[in-house]
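Me: Hello! I am new to this structure and would like to learn how to read it, feature by feature. Could you guide me?

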Amino acid sequence: MWHSDWPQTARSFFARANWTPSGSAPPFDHGDRICPRVLCNYWADHFDYLEVIPRLTAAGFHVMAPALPGYGFSDRSAMPDMNGTRIADLFTTLMSELGYERFLAHGSDWGSLVVDRMRRQHPERLLVVHISNVHSNYPPPQDPTPEEQAFLGQAQGWNFTEGAYAMVQGTKPQTLGYGLNDSPAGLASWIVEKFRSWSDGDLEQAYGFDGLCANLTLYWATETIASSMRLYAEVFAEAGCERRPSAALCPSA
């Protein structure tokens with residue numbers, strides 16, 4: 001039987017600091033040490049870094065983990081074009097207003113796109129970037145190696161079998177949002193199916209039912225499933241969204 005201690009999860013979440021720039025308000029989880037690091041999350045998880053933050057602060061980092069706009073308790077954008085480029089500017093402003101001119105940045109999935117935009121637009125601000133779960137839709141190399149060819153083939157196969165959700169969210173997010181926002185069962189099936197596909201084994205072992213239930217409750221309580229999916233459409237519409245990242249702008253891994 002699934003069980004989630006939502007009151008405890010909420011207390012843990014709201015124990016973190018919040019920051020409000022003009023025009024949007026991404027809540028962020030915030031450590032208490034020096035050497036600043038910003039962590040950027042992904043769809044559809046809100047709690048990916050909660051267990052990592054104490055380890056990083058214990059190692060001497062001051063950690064900011066801002067939620068993407070329209071995710072959970074982060075404000076929905078009041079204007080169009082809240083894409084990777086604008087979010088990168090927003091998070092860089094966050095670091096400025098906190099007093100950090102140079103910092104480390106990590107991102108996964110959509111977070112990796114935001115960090116890549118930060119690397120392009122504000123390379124002088126970044127000490128180093130670390131990117132995981134990099135999107136496979138960058139233009140392929142003109143002369144791929146056999147290993148690269150194998151990867152591109154695997155990516156194409158994954159897009160065919162598992163990528164339909166991204167196309168729906170990127171082209172019809174509002175239509176899908178009405179259905180998911182109106183049905184707890186629909187919301188749970190849409191999100192949990194993704195976590196099952198993305199795990200390497202048992203769903204409970206990979207994520208924990210407590211964490212899954214807390215994640216679903218946050219989407220349901222804040223009614224942000226539609227605004228979170230809207231990011232797909234905004235990114236797909238952004239000019240140059242498939243430009244190959246440049247590793248020469250700052251140290252990268």
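Predicted model: local features only at pLDDT ≥ 70, side-chain atom pairs only at ≥ 80, totals over all residues.

**Reading the features one by one**

Me: Is C213 buried or exposed?

Reply: C213 has a relative accessible area of 15%. The cut-off for buried is under 20%, so C213 is buried.

Me: How many disulfides does the whole structure have?

Reply: Here is the general idea: a disulfide is a covalent bond between the sulfur atoms of two cysteines. In this case, a search of the whole structure turns up zero disulfides.

Me: What is the phi of D109?

Reply: D109 is not a glycine, yet its phi is positive, about 60°. You will find D109 in the loop between strand 4 (103-108) and helix 4. Its relative accessible area is 10%, so D109 is buried.

Me: What about the phi of E223?

Reply: E223, a residue other than glycine, has a positive phi near 55°. E223 lies in the loop between helix 10 and helix 11. At a relative accessible area of 48%, E223 is partly exposed.

Me: Now the helices, please. How do I read helix 4?

Reply: Start with the general idea: an α-helix has 3.6 residues a turn, so residues three or four places apart point the same way. Helix 4 has twelve residues and reaches 16 Å from its first C-alpha to its last, close to the 16 Å expected at 1.5 Å a residue. Helix 4 is mostly covered, as eleven of its twelve residues are buried. Among them are W110, L113, D116 and R120.

Me: What covers the buried residues of helix 4?

Reply: The cover includes strand 2 (36-40), helix 3, strand 4, strand 5 (126-132) and helix 11.

Me: What is the reach of helix 11?

Reply: Helix 11 (residues 225-237) has 13 residues and reaches 19 Å from its first C-alpha to its last, close to the expected 18 Å. Its buried residues include I225, M229, Y232 and V235. Among the elements that cover them are helix 3, helix 4 (110-121), helix 6 (164-171) and helix 10 (209-222).

Me: At what angle do helix 7 and helix 8 pack?

Reply: Helix 7 and helix 8 pack at about 115°, and their axes are 5 Å apart. On the helix 7 side, L176, L180 and D182 take part, meeting P184, G186, L187 and W190 of helix 8. Sorted by class, this contact has five nonpolar residues, one polar and one charged.

Methods
Residues numbered from 1 in each chain as written. Heavy atoms only, no water. Helix = DSSP H or I, 4+ residues; strand = E, 2+ residues; numbered from the N terminus. Expected span 1.5 Å × (residues − 1). Buried < 20%, exposed > 50% of the residue type's maximum accessible area, 1.4 Å probe, protein only. Contact = heavy atoms within 4.5 Å. Disulfide = S-S within 2.5 Å. Axes fitted to C-alpha atoms, helices over the stretch in contact; angles between N-to-C directions. Nonpolar A, V, L, I, M, F, W, Y, C, P; charged D, E, K, R; others polar.
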